Amino acid sequence: MTTISPTVVSPPTRSLHRTPAVQLVADRPLDPDSSTSVAKALALLSCFTPNRPAMGVSEIARQAQLPKSTAHRLLAVLVDWDMVTKRGTEYSPGPRLNELGALGSQPDNHELRRVALPHLLDLYEITHETVNLGILTGQDVLYIDKIHGHNGVNSPACVGGRLRAANTAIGKALLAFSDQKVIARVSANLRPATSLSVSSAAQLDRDLAAIRRCGVAYDRQESQPGLTCIAAPIRSWSGAIVAAVSISGPVHRFRPADAAPAVRTAAAGIARHVQEAAWRRATR
């Protein structure tokens, strides 16, 4: 019987400019029935997050639920392809991965950030607290912009990072106007971050009903102890919610209810520019 040797593809040799790490969180476990190298490599890449941008092989193997020897072998291949960078004993997302991440970014998000930025800056100047812009992705909030000053509070939210929607003001502002199927999925998979987080479907329903009545959402130490937040939704020309904007600060300094008028004004201003941009595209 004739044996056919597989073709060996050499990794690219060109030098690539290194850019900051991006998040590739799949938020789902690796299919236990899958034994392909591709699936295992994706599991390794999905271990990196903005809060965990560099790890050793043992931690990566544990996170990916793979044998250490397998993780080490696949990481070596990913390093060769510039998908992962190795510094000392730690690995982090590589430059080629960041290039692909930039290609995969939704154009609408770039436009949203562009039109939102002046309003985010205005909101920061008014409050001098941390300002966030986020969208709903599955059951999570994906943070696409953030502004903070020298007194910015330590927050689990970071650009490119995700948090469970039900644990955040931005997430609840988005969920309140989402499809019932989306809300049902979130309600069935609650993961409280603190003792004050939403922990039942009934509690989430009450919170979302209150948000629909008053137009703003609150995070009262639900994403992190000592941190409080207020958010307002941003509507497209069709009335759909496309994003939300928030202000967060430490409980000893920031009174979120006092910032309600400012966050509503910012959300309305961003919505107006989003709608104008959509109208210009539609009439070209």
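**Entry 1: the largest cavity**

I looked up the lining of the largest cavity and found 15 residues, with Asn132, Tyr143, Asp219, Ser223 and Cys229 nearest its centre. Helix H6 (169-175), strand E8 (227-235) and strand E9 (241-250) each give two or more residues to this lining. A cavity here is a set of points on a 1 Å grid over the protein atoms alone where a 1.4 Å probe fits but cannot get out, and lining residues have an atom within 4 Å of a point. Helices (H or I, at least four residues) and strands (E, at least two) are DSSP runs, numbered from the N terminus.

I note that this is a predicted model, where local features need pLDDT of at least 70, side-chain atom pairs count only at pLDDT 80 or more, and totals for chains, interfaces and linings use all residues. Residues are numbered from 1 along each chain, and side-chain values use heavy atoms, without hydrogens and water.

I read off about 90 Å³ of space for the largest cavity.

**Entry 2: the second largest cavity**

Here I found about 30 Å³ of space. Its lining is made of Gln139, Arg164, Ala166, Val186, Asn189, Leu190 and Arg191.

**Entry 3: helix H3**

Which residues of H3 are buried? I found Thr70, Ala71, Leu74, Leu75 and Leu78, where buried means under 20% relative accessible area with a 1.4 Å probe, protein chains only. Seen down the axis of H3, they fall within an arc of 125°, so they line one face of the helix; the arc is that of the directions from the helix axis to the C-beta atoms. Just after H3, I noted that Asp82 takes a positive phi of about 60°.

Key:
1 Å grid on protein atoms, 1.4 Å probe; cavity = no way out; pocket = protein on both sides within 12 Å on 5 of 7 lines; lining within 4 Å. Points joined across faces, edges and corners; volume = space filled by probe spheres on them. Buried < 20%, exposed > 50% of the residue type's maximum accessible area, 1.4 Å probe, protein only.
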